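Please walk me through this structure. Start with the chain as a whole and then turn to some of its parts.

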Amino acid sequence: MKVIEKIRDASTEEGKVVFSFEFFPPKTEDGVDNLFDRMDRMVAHAPAFCDITWGAGGSTADLTLEIANKMQNTICVETMMHLTCTNMPVEKIDHALDTIKSNGIQNVLALRGDPPHGQDKFVQIQGGFACALDLVKHIRAKYGDYFGITVAGYPEAHPDVILNEVASLEAYQSDLAYLKQKVDAGADLIVTQLFYDTDIYLKFVNDCRQIGIKCPIVPGIMPINNYKGFVRMTGFCKTKIPSEVSAALEPIKDNEEAVKAYGIHLGTEMCKKILSHGIKTLHLYTLNMEKSALAILMNLGLIEESKISRSLPWRRPTNVFRVKEDVRPIFWANRPKSYISRTIGWEQYPHGRWSDSCNPSYGALTDYQFMRPRARGKKLHEEWAVPLKSIEDVQERFIKFCLGKLKSSPWSELDGLQPESKIINELLGNINSKGFLTINSQPAVNGEKSDSPTVGWGGKGGYVYQKAYLEFFCTREKLNSLVEKCKGYPSLTYMAVNREGTWMSNVGPGDVNAVTWGVFPAKEIIQPTVVDPSSFMVWKDEAFEIWSRGWASLYPEDDPSRKLLEQAQNSHFLVSLVDNDYINGDLFSIFMEF
């Protein structure tokens, strides 16, 4: 979706403020991994979009394209990619645009770009563009209306025309006229350069309106995180620093925590003043740091740290090709990135009902599904690569995870047990101690308000429902006993399969079971999570493979613990169990006699 459309939609909601974050490509693999973890946390607060910079002289072009793709399709946030003219012939520009278009990205920030490292001035290369205006014209000419195009605005004029700390009136007006040319050529949004004097920004907005620029002008806010970085950035951008800001920073400039606290205070007050003038958009230059940006938004009452709103039980995709997707199998609830990677080639995605997907084929398992960020891999190694002498030691890992004593699991891409499973964590711990090794679960919910902090989704004004669900590994002996007991529980349905594909179930192969649904004003019933036998057979290969590639691989080749896990992999069944009585059912009672 285009960012401009999001902003226009938000403008129809009284009091709605749109905020967004900017990031830049880190220099190391660990830095990239950490950035994605940070993005994941920040995107949970529902920014309208996030943007990723291109890098001076196109120095991070390939990495920017890779990060933008993951932001849009794995983090699932509306992504805007910077694109500059520096060292970029038209062929490279088109390659970048074709790449993001094929990845479902619709938003570009068109810039001239800074000179390459070691050069003082921007120089147009042969076969390239001289300025952002040329780039805007090219994008509109070649790609029509597909892309939403954002351009930069400079409240104090472009740094190139600022001499002796200020631009002349003539230079400022010329810069405004050039900005209008960019908008007239097809740009539909302006994001400003950083500033610390809000009066300068407000004057800039008024000056733009006076010459006929009507599109939204989003203020770029850069929280002060440390003094040296602040001096370097404002020097590079030739940003005016109000005397009161300098006076406040001078006595604390060597105290990083005090500088950061002041930066949060200043950012908050700047935003308050901007919002009081009717501006309802904020763009935060994070410098890849989260605390200051989130603190400002919390001070403004735009987010709550303890309350994360969800439009669906899983993060809604932003890829233009799958924006209507609203149904998924529950099996990948804790591995959403794997699910996205295995369904990325579908021509259509389930909307309304799972059966609408026409039973598409899943992508094959590859190394990608078992790749982990280094920090997560390190955590897994610390918590799960312990000596295992018996199946009881294996059970102990699962029990500790369910009780919150471990923060990682080989079967989850997420951090710790999810909020709704914490409701039943002691019950989960109990059945794990009996040899039912749980990897997915949800409690029964009967008409909880949709803004509930633990089980809610879809926003305010609705009610959500869930059938109790458990997914676990157990031995054939325990499974046989469980199947026998299920005969006395008519509301329970189950599916079970081992690694070789031996199947046991009391449902038909085409019986799709909605296990989560919501009722909202003026909408059809939404059923975003289902149990589907065909998908379960696909998921079982991944679930069993995690025993070896996700856990056993943490040990040396000849380690006895590794052999024990491989034995468990080959001797256990994967079981999906649903209690269809979400009002009076008690899914855990069937385990009491074990």
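Of the contacts in the chain with a separation of 6 or more, 75% join residues 24 or more positions apart, a contact being heavy atoms within 4.5 Å. This is a predicted model, in which local features need pLDDT of at least 70 and side-chain atom pairs count only at pLDDT 80 or more, while totals for chains, interfaces and linings use all residues. Residues are numbered from 1 along each chain as its sequence is written, and side-chain values use heavy atoms, with hydrogens and water left out.

The chain holds 19 helices and 21 strands; these are DSSP runs numbered from the N terminus, helices being H or I with at least four residues and strands E with at least two. The radius of gyration, taken over C-alpha atoms, is 27 Å, close to the 25 Å that the globule rule gives for 594 residues, so the chain is as compact as a globular protein of that length. That rule is 2.2 Å times the number of residues to the power 0.38. Along the principal axes, the C-alpha atoms fill a box of roughly 85 × 50 × 45 Å. Of the 594 residues, 56% are buried, where buried means under 20% relative accessible area, exposed over 50%, and partly exposed in between (1.4 Å probe, protein chains only).

One part to look at is an open sheet of five strands with mixed pairing, in the order β12-β20-β19-β15-β14. Strands β12 and β14 (445-449) stand at the edges with a single partner strand each, so one side of each has no neighbour in the sheet. Within the sheet, β19 (residues 513-519) and β20 (residues 526-531) pair in the antiparallel sense over four bridges; two strands count as paired if DSSP finds at least two bridges between them. N513 stands opposite V531 in β20.

Another helix, α11, has S292, A293, L294, A295, I296 and L297 as its buried residues. They pack against β1 (18-23), α2 (29-43), α10 (256-276) and β11. Just after α11, G301 takes a positive phi of about 75 degrees. The loop between β11 (281-285) and α11 (291-299) contains M289, which is partly exposed, with a relative accessible area of 31%.
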